[in-house]
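Good morning, everyone. Please have the sequence and the model open while I talk.

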Amino acid sequence: MISEEIKKFTAPLHAKVEQELVSKLFNRNLSPSEYGRILLHFHFAYLQMEHLVASGSDGNELLHDRSKLSWIKEDLESLEGDFQEVSFDHLVLDLHVDYAHSLGVSYVMEGSTLGGKFIAKKLQELDWIEKDKHLNFFLSYGDSRGEKWKDFLNLLNAYGEANPSRQTEILAASEKAFQFMHAVIKLI
């Protein structure tokens with residue numbers, strides 16, 4: 001199954017992204033402004049990835065009820081801070097826009113919701129974090145998280161099985177999406 005191939009293929013990159021993110025987020029002295037800055041980075045990354053996915057043929061099907069941007073905005077608005085902006089001009093997710101590439105990028109976005117649950121739990125240890133105000137992004141889908149992930153994997157695996165010649169493109173797109181996320185997180 002293509003989902004298992006992606007998992008193996010991107011494991012080293014996934015670990016790098018996770019390690020970089022943990023070093024930024026799991027700081028006992030994380031302030032609301034630092035958290036806001038992290039969310040701004042996620043907003044930039046997801047804006048790029050969602051735009052790419054939406055531009056692909058049938059990409060809107062992949063984003064239907066799956067966009068994370070509104071959750072990030074809710075979290076940022078609840079922080080009511082003046083966050084220091086960073087220039088992302090040199091960061092571009094450069095991929096040919098088609099359904100196979102959209103699936104690879106979506107794998108990264110959808111998979112991140114699984115880790116979001118654990119991130120949210122750790123962030124709730126901070127005195128100022130309020131679950132309903134500051135963790136909408138990391139708690140994407142709420143109790144439907146597992147079901148949404150299984151639905152996505154079924155779609156991904158069905159496409160991979162029906163289009164074996166496109167599996168290399170799906171793998172390459174997921175790799176580029178992980179590289180992109182790593183570059184964005186390193187700027188935090």
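First, the ground rules. This is a predicted model, where local features need pLDDT of at least 70, side-chain atom pairs count only at pLDDT 80 or more, and totals for chains, interfaces and linings use all residues. Residues are numbered from 1 along each chain as its sequence is written, and side-chain values use heavy atoms, with hydrogens and water left out.

Let's look at H5. Helices here are DSSP runs of H or I with at least four residues, numbered from the N terminus. Helix H5 covers residues 99-123, which is 25 residues. From first C-alpha to last it reaches 35 Å, close to the 36 Å expected. That expected span is 1.5 Å times one less than the number of residues.

Where does H5 bend? At Gly115, by about 35°. The bend is the angle between two fitted axes, one for the seven residues ending there and one for the seven starting there.

Now the N-terminal end of H5. Asp98 caps it, with a side-chain oxygen 3.3 Å from the backbone nitrogen of Ala100. I call that a polar contact: a pair of N or O atoms within 3.5 Å, one able to donate a hydrogen and the other to accept it, where residues adjacent in sequence count only if both atoms are side-chain atoms. Ala100 itself lies in H5. Is Ala100 buried or exposed? It is buried, at 0% relative accessibility. Buried means under 20% relative accessible area, exposed means over 50%, and partly exposed is in between, using a 1.4 Å probe and protein chains only.

Next, the empty spaces. Rolling a probe the size of a water molecule over the atoms shows where empty space is left. The search runs on a 1 Å grid over the protein atoms alone. A cavity is a set of points where a 1.4 Å probe fits but cannot get out. A pocket is an open set with protein on both sides within 12 Å along at least five of seven lines. Lining residues have an atom within 4 Å of a point. A volume is the space filled by probe spheres set on the points.

The largest pocket holds about 740 Å³. Its lining has 34 residues, and His14, Glu18, Gly111, Ser112 and Gly115 lie nearest the centre. Remember Gly115: H5 bends there. Which helices supply at least two residues each to this lining? They are H1 (2-25), H2 (32-55), H5, H7 (145-162) and H8 (167-186). By class, the lining has 21 nonpolar, nine polar and four charged residues. Here Asp, Glu, Lys and Arg are charged; Ala, Val, Leu, Ile, Met, Phe, Trp, Tyr, Cys and Pro are nonpolar; the others, Gly among them, are polar.

The second largest pocket has about 150 Å³. Its lining includes Lys117, Lys121, Lys131 and Arg145. H5 gives the most, three residues. The classes are two nonpolar, two polar and five charged.

How many cavities of 30 Å³ or more are there? One. The largest cavity has a volume of about 40 Å³. Among its lining residues are Glu50, Arg66, Lys68 and Glu110. H5 has the largest share of this lining, with three residues. Four of the lining residues are charged, three nonpolar and one polar.

Stay with Lys68. It sits in the loop between H3 and H4 (69-79). Lys68 counts as buried, at 1% relative accessibility. A polar atom of its side chain lies 2.7 Å from the backbone oxygen of Arg66.

His134 is in H6, residues 131-134. It is buried, at 5% relative accessible area. Its side chain reaches the backbone nitrogen of Glu130 at 2.8 Å.

Tyr141 is in the loop between H6 and H7. Its phi is near 70°, a positive value in a residue other than glycine. Tyr141 is buried too, at 11%.

Finally, Ala162, in H7. This one is exposed, with a relative accessible area of 57%.
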